[in-house]
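Here are my notebook entries from a friendly look through this model.

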Amino acid sequence: MNLSTHPIEARGLRKTFHGRPRVDDVSFTVDPGRVVGLLGPNGAGKTTTIRLLLGLARPDAGDGLILGRPYRELEQPARTVGAVLDAGGLHPARTGRQHLRIAAARIGVDASRIDAVLTEVGMARDADRPAGGYSLGMRQRIAIAAALLGEPAVLILDEPSNGLDPAGMQWLRLRLRAFADAGGTVLLSSHLLSDVQDIADDVVVITDGRVLAQSSMVDILAASGGDLEAYYLQVTGTAQLTENGQVR
């Protein structure tokens, strides 16, 4: 039996594509009330790790657990985990509201919830426009609305701030912080280190499919002079140092 006290847990996850390891012995946990930032360069294995946690790919080894169980074994997975993977999947002829109606019907959520999430993500005014006319940021807001439909306890978000304007990014930070402060659990991948620094409680750094570091944000900032970017560049081996050893 898979027993876990963590809402999100990766245990020794491994996945190989075309003979190349994309995820290699990845392990970390996310606890209630915490936001964990999953960081790494392009191709590091962040999205593959998220797909393994969400049951969209099967690991060659290891376990991805949500509330102590593989995603596929959850009784109501879409009402347990809200996920954002790709904001580009909206049918261009359907409106944002129609997309959410389909999503609500699929997961068994009353349609009355749709207006609430549209208002929450700032898309009530544009909800009845065809998605083909949406900007990337608007499509991202609809994807976030779909993730919130089932009032989940866990959020797993892959680059959720893609396309958002500064106001949208501020809203997202505040919303995720409030979600975690109310006892929710958040895992998000992002390449925007300043956003992660503002919101995350903990950080996991992945490169070449392996976990290089995991630490609390408090400890990271204390060790790096308050600069997550400096820490990230040093951990990933991409920092340029001055003669006195300081990151530049």
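**Entry 1: a loop residue**

I started with contacts and found that, leaving out residues up to four places away in sequence, D126 touches Y134 and M138. I noted that the model is a predicted one. I then placed D126 in the loop between α4 and α5. Is D126 buried or exposed? Its relative accessibility is 13%, so D126 counts as buried, the cut-off being under 20%.

**Entry 2: helix α5**

Next I looked up α5, which runs over residues 136–148 and has 13 residues. From first C-alpha to last, α5 reaches 19 Å, close to the expected 18 Å. I found this helix mostly covered, with 10 of its 13 residues buried. M138, which D126 touches, is one of the buried ones; others include R141, I142 and L148. What do the buried residues of α5 pack against? I listed the strands β5 (81–84) and β6 (154–158), together with the helices α3 (96–107), α4 (112–120) and α6 (166–181).

I searched for cavities of 30 Å³ or more and counted one. I put the volume of the largest cavity at about 80 Å³. Its lining includes P160, M169, R173, D195 and I199. The elements giving two or more residues to this lining are α6 and α7 (193–199), and α6 supplies the largest share, four residues. By class, I recorded seven nonpolar, two polar and two charged lining residues. I also noted that α6 turns up in the previous entry, as one of the elements that the buried residues of α5 pack against.

Note on methods: Residues are numbered from 1 along each chain as its sequence is written. This is a predicted model: local features need pLDDT of at least 70, side-chain atom pairs count only at pLDDT 80 or more; totals for chains, interfaces and linings use all residues. Side-chain values use heavy atoms; hydrogens and water are left out. The expected span of a helix is 1.5 Å times one less than its number of residues. Buried means under 20% relative accessible area, exposed over 50%, partly exposed in between (1.4 Å probe, protein chains only). Contact means heavy atoms within 4.5 Å. On a 1 Å grid over the protein atoms alone, a cavity is a set of points where a 1.4 Å probe fits but cannot get out, and a pocket is an open set with protein on both sides within 12 Å along at least five of seven lines; lining residues have an atom within 4 Å of a point. Grid points are joined across faces, edges and corners, and a volume is the space filled by probe spheres set on the points. Ala, Val, Leu, Ile, Met, Phe, Trp, Tyr, Cys and Pro count as nonpolar, Asp, Glu, Lys and Arg as charged, and the others, Gly among them, as polar.
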